[in-house]
Amino acid sequence: MSDDNSTRGPDGEFDGKGVSGLDYLLSIIDGRSPRAPISAILGFDLVAVEPGAAVFEGKTGEHLCNPMGSMHGGFAATLLDSALGSAVLTRLPAGLAYSTAQLNVHMIRPIMPVTGTLRATAQVIHLGRTLATAEARLNGIDDGKMYAHATATCAIFPMRRT
């Protein structure tokens, strides 16, 4: 992929011209493409990809708490969903995209603001022509504990052209 952001259409949206999902995600990791806006807002990053797998990391903090003082479940779900979808994207050729069709998240222990950095690791289980499934785990980097696990079904479709 070139450094001129040629994978972006006139509206700035990723258009996938000639770039596989894996190559696109690698360009985010190495800074040639911008990260998704939600990752900047919630403070998490794509840190590793390989065919069929993706890893995201995000820091906990009081700014992400629910009214009871623990981390909002949406933060964990977002980390897991990002890893699951990106794992699927690593297997897609240029011109194809995905959208999460179903997300199942199992929270198994509370996440507190002091938990530290969480790592969501996902892998593809099945990749078909129109659907893919993936599974992921969310672990604390400092304590090694699993905080949640998830599965997703992703719809696969041709990228829209503008």
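**Salt bridges and a nonpolar core**

D30 is partly exposed, with a relative accessible area of 46%. Partly exposed here falls between buried (under 20% relative accessible area) and exposed (over 50%), with a 1.4 Å probe and protein chains only. The model is predicted, so local features need pLDDT of at least 70 and side-chain atom pairs count only at pLDDT 80 or more, while totals for chains, interfaces and linings use all residues. Residues are numbered from 1 along each chain as its sequence is written, and side-chain values use heavy atoms, with hydrogens and water left out.

D30 has a charged partner. It forms a salt bridge with R32, and the closest N and O atoms are 3.0 Å apart. A salt bridge requires a side-chain nitrogen of Lys or Arg within 4 Å of a carboxyl oxygen of Asp or Glu. R32 is also partly exposed, at 28%. The structure holds three such bridges.

Next comes R35, paired with D45. Their closest N and O atoms are 2.4 Å apart. R35 sits in the loop between α1 (21-29) and α2 (37-42), and D45 belongs to strand β1 (residues 44-50), so this bridge ties together parts that are 10 residues apart in sequence. Helices (H or I, at least four residues) and strands (E, at least two) are DSSP runs, numbered from the N terminus. R35 is partly exposed, with a relative accessible area of 36%. D45 is partly exposed too, at 34%.

The remaining bridge joins R119 to E57, at 2.7 Å from N to O. Here two strands are linked. R119 lies in β4 (residues 117-127) and E57 in β2 (residues 53-59), so the pair ties together parts that are 62 residues apart in sequence. R119 has 33% relative accessibility and counts as partly exposed. E57 is partly exposed at 22%.

The largest nonpolar core has 38 residues. Such a core is a set of buried Ala, Val, Leu, Ile, Met, Phe, Trp, Tyr and Cys residues joined through side-chain atoms within 4.5 Å. F75, L79, L80, L84 and L138 have the most contacts inside it. The elements giving two or more residues to this core are α1, β1, β2, α3 (73-89), β4, β5 (131-140) and β6 (146-158). α3 gives the most, with nine residues.

What does L79 touch? Leaving aside residues up to four places away in sequence, L79 touches F44, F56, E57, G58, L118, A120 and L138. Contact means heavy atoms within 4.5 Å.
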